Structures are given as C-alpha cells and as structure tokens.
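Subject: Structure handover

Hello,

Here is the structure I said I would pass on. My notes on what turned up in it follow below.

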Number of protein chains: 2
Amino acid sequence: MPKDHDLSEAELAVLRVLWDHGPQTVREVMERLHERGRRVAYTTVLTFLSRLEQKGVAASDKDGTAYVYRSKVSRQSVTRSRVRTLLDQLYDGAAAPMVVHLIESERFSEDEIAQLRRLIKDLDA
Amino acid sequence: MPKDHDLSEAELAVLRVLWDHGPQTVREVMERLHERGRRVAYTTVLTFLSRLEQKGVAASDKDGTAYVYRSKVSRQSVTRSRVRTLLDQLYDGAAAPMVVHLIESERFSEDEIAQLRRLIKDLDA
DNA sequence: GGCATCCTACTACAACTGTCGTAGCCTGTC
DNA sequence: GACAGGCTACGACAGTTGTAGTAGGATGCC
C-alpha cells in the first residue's frame with residue numbers, strides 16, 4: 001500500500017513543478033514557481049522540497065554542489081487520491097454526482113465533447 | 001461575490017451534517033457525527049460550529065436554553081468552489097481531464113451511465 | 001432551595017503550514 | 001589565498017486545524 005499521500009496545497013504546487021519540468025535544483029524550481037506567479041523565497045522552496053522528501057514523495061541526488069530533486073510519485077496516483085478524498089467529503093464517495101456537477105457547471109470545447117461522448121459510449125462495452 | 005469559502009476537512013464534515021439533517025443543536029450534531037464514525041467530544045463540535053459561524057457559513061438562533069445551528073451556504077456552492085480548487089491544483093483549471101479521469105477510473109451503474117449519456121447528448125444543444 | 005444536568009464561553013495546546021532569516025561550507029576567480 | 005556568490009542546514013514564528021478541559025450560568029426535579 002503506497003500510503004495515502006497527504007500533501008498541502010503549497011507542497012502540491014512544488015510537486016507539480018517537478019512533474020511538469022522533470023528533476024531540478026532548488027533554484028530552478030523557485031524560478032518555475034515565480035513564472036507561475038508564486039513569489040516565494042529560495043529558502044521557502046528548499047523547505048517544501050525537504051518536506052516532500054521527508055514525506056517520501058520526492059527524492060534528491062547530489063549533482064556537484066547542489067541537490068537535484070525529483071518526484072517519486074506519479075501525477076496519476078496523487079490525482080486519484082485527491083479526487084477520491086473530495087468525493088468522500090462531498091458525495092460520500094460517489095463519482096457520478098461529481099461528473100454530473102462538472103458537466104453541468106463547466107464549459108467544454110467541441111473536441112472535449114467529442115472525447116467525452118466517445119468515452120461514455122464505451123462505458124458498458 | 002460570495003467570497004471563497006475556506007473550510008477545513010473537519011469543518012466540512014460538520015457542515016455536511018447541517019445540510020443532511022437541517023438545523024440542529026450542538027448535541028444533535030455531535031450524535032450525527034458519532035453515527036458517521038467520528039468520535040468527537042461535545043466541546044469539539046461546539047468549537048467547529050463556532051468557527052463555522054465566525055467564517056460566516058453558519059448561523060445560530062437561540063431556542064430556549066440552547067442554540068440551534070443552521071448552514072448559511074448551499075452544498076452546491078461549496079461543492080463548486082472545492083471542485084474548482086481541485087481543478088486548479090491538478091489540471092490548471094481544466095474540467096475535461098477531470099471528467100475523463102473520473103469516467104476512466106470509477107465504476108457506474110446502468111442508471112448513472114444512462115444519465116451521463118443524456119447529459120452529454122444535450123451538451124452542445 | 002439544593003443538587004444534578006445541560007449549555008455556552010473561554011482557554012489551551014500540539015501538529016501542521018506557509019514563510020523566511022542566518023550561519024556556515026564550498027568553489028571559482030583574480 | 002582571499003572574496004563573492006551559491007548552496008544546504010537549522011531554527012523560528014505566526015496562523016490554522018483538530019481536539020478537548022474547565023468554569024460558571026440556567027433549569028428541572030424532589
């Protein structure tokens with residue numbers, strides 16, 4: 001059992017940088033966060049990366065003078081666990097009401113609609 | 001703007017009791033939570049209800065000796081904001097990938113599938 | 001009218017979160 | 001070989017969250 005990942009919002013934002021751009025140094029991660037509008041200090045990023053490592057969801061390898069951090073968990077698995085949590089909190093775990101909610105309250109492009117239609121079609125196949 | 005409700009997990013659990021069973025006293029809310037397997041002390045429930053009131057999402061009216069608490073926000077609106085937050089955190093705000101994820105990873109009953117099919121059909125109408 | 005109850009108000013407190021600052025260690029460059 | 005600049009290690013600190021204890025007022029029952 002991969003243990004339920006329990007990540008805070010800010011930690012998740014850092015992890016996303018690793019997913020989106022691969023292994024990186026603290027400085028690089030900080031720059032990515034800045035690009036995304038998150039104005040955090042260098043040491044703050046370092047703190048988050050350390051905490052992620054402590055929680056077992058990231059790891060680091062020394063490269064010369066600096067450490068390069070990388071994610072140890074897939075975006076898929078974290079997504080799964082977070083969606084599940086939300087489902088439990090709001091709909092007692094049922095997925096359908098959430099899908100209904102999303103379809104009713106969000107806008108989709110032509111392509112997305114086509115994709116969804118295809119998925120639904122295959123559902124009971 | 002109804003201000004972004006920022007509720008913690010335990011606070012949400014308490015709010016759900018109000019949604020599911022209508023206005024209630026502290027003691028009643030506590031009993032509902034116990035039924036749901038949440039073993040919390042009376043004063044703990046009181047604390048949460050007070051915090052919910054402070055945050056403006058619940059209100060109380062004195063009934064004889066005790067206060068009766070009620071929710072001031074709809075389940076719909078809280079759901080909307082939480083789903084939105086999750087979407088932002090995981091998919092940069094896009095809803096389609098979440099729908100895809102749900103459809104691919106969860107199981108649905110015949111009825112649910114029929115309902116989804118209907119919804120999708122009407123999408124671009 | 002005194003005691004057991006029940007209710008609220010207030011306080012507490014540890015863990016977790018979001019943010020950094022400072023100290024001290026390398027290392028490349030004159 | 002001394003200094004500037006980058007890097008990590010640690011500590012700090014206020015705010016939030018989860019959980020509850022205690023004190024003191026009101027009330028119903030004998």
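By class, the surface near DNA strand D is made of 9 nonpolar, 6 polar and 4 charged residues. Please keep in mind that this is a predicted model. In total, 19 residues surround DNA strand D, and the closest are A:Arg27, A:Tyr42, B:Ser8, B:Ala41 and B:Arg51. Of the DNA strand D atoms within 4 Å of the protein, 61% belong to sugar or phosphate, while the rest belong to bases.

From chain B, the side chain of B:Lys55 has an N or O atom 3.0 Å from a phosphate oxygen of DNA strand D. A base is also approached: a polar side-chain atom of B:Thr43 is 3.1 Å from a base nitrogen of DNA strand D.

Which elements give two or more residues to the surface near DNA strand D? In chain A they are helix H2 (26-35), helix H3 (42-54) and strand S3 (66-71), and in chain B they are H1 and helix H3 (42-54). H3(B) provides the largest share of that surface, with 5 residues.

Next, the two protein chains. Chain B is superposed on chain A by a rotation of 180° with 0.0 Å of shift along the axis, and the RMSD is 0.1 Å. The two copies are thus related as by a two-fold rotation axis. B:Val99 is the residue of chain B that comes closest to this axis, its C-alpha lying at 3.0 Å.

The contact between the chains takes 38 residues from chain B and 38 residues from chain A. Since 100% of the interface residues of chain B are also interface residues in chain A, the copies meet through the same surface. The area buried between chain B and chain A is about 4000 Å², and carbon and sulfur atoms give 68% of this area. Of the area that chain B buries against chain A, 16% is supplied by B:Gln89, B:Leu90 and B:Ile120, more than by any other three residues.

As for polar pairing across the interface, there are 10 residue pairs in polar contact between chain B and chain A, counting pairs with both residues at pLDDT 80 or more. On the chain B side, helix H1 (9-21), helix H4 (75-91), helix H5 (96-105) and helix H6 (110-121) each supply at least two residues that touch chain A. H4(B) gives the most to this side, with 13 residues. Sorted by class, the side of chain B that touches chain A has 19 nonpolar, 5 polar and 14 charged residues.

Last, the salt bridges. Side chains of opposite charge can pair when their charged atoms come close. Over all chains, a search of the whole structure finds 18 salt bridges, and the count between chain B and chain A is 4. A:Arg84 takes part in a salt bridge with B:Glu106, where the closest N and O atoms are 2.9 Å apart. A:Arg84 also meets A:Asp88 in a salt bridge, at 3.6 Å from N to O. Both A:Asp88 and A:Arg84 lie in helix H4 (residues 75-91) of chain A, 4 residues apart, or about one turn of the helix.

Regards

Technical notes: Residues are numbered from 1 along each chain as its sequence is written. Chains are lettered from A and ligands numbered from 1 in the order in which they are written. This is a predicted model: local features need pLDDT of at least 70, side-chain atom pairs count only at pLDDT 80 or more; totals for chains, interfaces and linings use all residues. Side-chain values use heavy atoms; hydrogens and water are left out. Copies are superposed by least squares on the C-alpha atoms of residues with pLDDT of at least 70 in both. Contact means heavy atoms within 4.5 Å. Buried area is the accessible area (1.4 Å probe) that two parts lose on being put together, summed over both. A salt bridge is a side-chain nitrogen of Lys or Arg within 4 Å of a carboxyl oxygen of Asp or Glu. A polar contact is a pair of N or O atoms within 3.5 Å; within protein, one must be able to donate a hydrogen and the other to accept it, and residues adjacent in sequence count only if both atoms are side-chain atoms. Ala, Val, Leu, Ile, Met, Phe, Trp, Tyr, Cys and Pro count as nonpolar, Asp, Glu, Lys and Arg as charged, and the others, Gly among them, as polar. A residue is near a molecule or strand if one of its heavy atoms lies within 4 Å of it.
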